[in-house]
Amino acid sequence: MTMWALVIFGGAMIVGLFSRLSALGAAGLLLMFYLAMPPWPGVPEAPGPEHSMIINKNLIECLACLALATIPTGRWIGLDAFIRRFIFRRVTE
């Protein structure tokens, strides 16, 4: 399920489909990754080359996804923009 969630959220963010929802889903997934093995003092270190104290790459990526969820990028570019233009063009005609 983790691999499918990564593919779905990442693919949706790349093509710009459901931008805010996919960014929030990705942020939630990254927050779960962070909480599974937090880089806090007294907690065993996660395997791998990463050495961090309190903040690691998962937390930074989570904050970046939350920032993307607050910015209306879906209205500017991506499939959300095309869908929005198509719907509003139909309403105004």
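Predicted model: local features only at pLDDT ≥ 70, side-chain atom pairs only at ≥ 80, totals over all residues.
Hi everyone, let's start with Leu79, which is partly exposed at a relative accessible area of 36%. On that scale, buried means under 20% relative accessible area, exposed means over 50%, and partly exposed is in between, using a 1.4 Å probe and protein chains only. Residues are numbered from 1 along each chain as its sequence is written, and side-chain values use heavy atoms, with hydrogens and water left out.

Leu79 sits in helix H4. A quick word on helices: they are DSSP runs of H or I with at least four residues, strands are runs of E with at least two, and both are numbered from the N terminus.

Which residues make the nonpolar surface patch? They are Ile14, Val15, Leu79, Phe82, Ile83, Phe86, Ile87 and Phe88, and together they cover about 800 Å². Patch members have over 30% relative accessible area and no salt bridge; like charges are joined within 9 Å, and nonpolar side chains (Val, Leu, Ile, Met, Phe, Trp, Tyr) within 5 Å. The areas come from the Shrake-Rupley method with a 1.4 Å probe, and for residues only the protein chains shown count as cover. Helix H1, residues 2-15, and H4 each supply at least two residues of this patch. H4 gives the most, with 6 residues.

Now stay in H4, which spans residues 79-92, and look at Asp80. Asp80 is buried yet has no salt bridge, and the nearest side chain of opposite charge, Arg20, is 7.8 Å away. Here a salt bridge is a side-chain nitrogen of Lys or Arg within 4 Å of a carboxyl oxygen of Asp or Glu. For charge, Lys and Arg count as positive and Asp and Glu as negative, while His and the chain ends are not counted.

So what does Asp80 touch? Leaving out residues up to four places away in sequence, Asp80 touches Gly16, Leu17, Phe18, Ser19 and Gly74, where contact means heavy atoms within 4.5 Å. Ser19 belongs to helix H2, residues 19-36, and is buried at a relative accessible area of 15%. Beyond its neighbours within four places in sequence, Ser19 is in contact with Gly74 and Asp80.

Phe18 is found in the loop between H1 and H2 and is exposed, with a relative accessible area of 53%. Its phi is positive, about 50 degrees, although Phe18 is not a glycine. Ile54 also has a positive phi, near 75 degrees. You will find Ile54 in the loop between H2 and helix H3, residues 57-70, and it is partly exposed at 43%.

Back to H1 for Phe9. Phe9 and Ala26 are 17 residues apart in sequence and 5.8 Å apart in space, C-alpha to C-alpha. Not counting residues up to four places away in sequence, Phe9 touches Ser22, Gly25, Ala26 and Leu29.

Last stop, the cysteines. How many disulfides does the structure hold? The count is 0, with a disulfide being a pair of cysteine sulfur atoms within 2.5 Å. The sulfur of Cys62 is 7.0 Å from its closest cysteine sulfur, in Cys65, so that pair is too far for a bond. Cys62 is buried at 6% relative accessibility, and Cys65 is buried at 9%.
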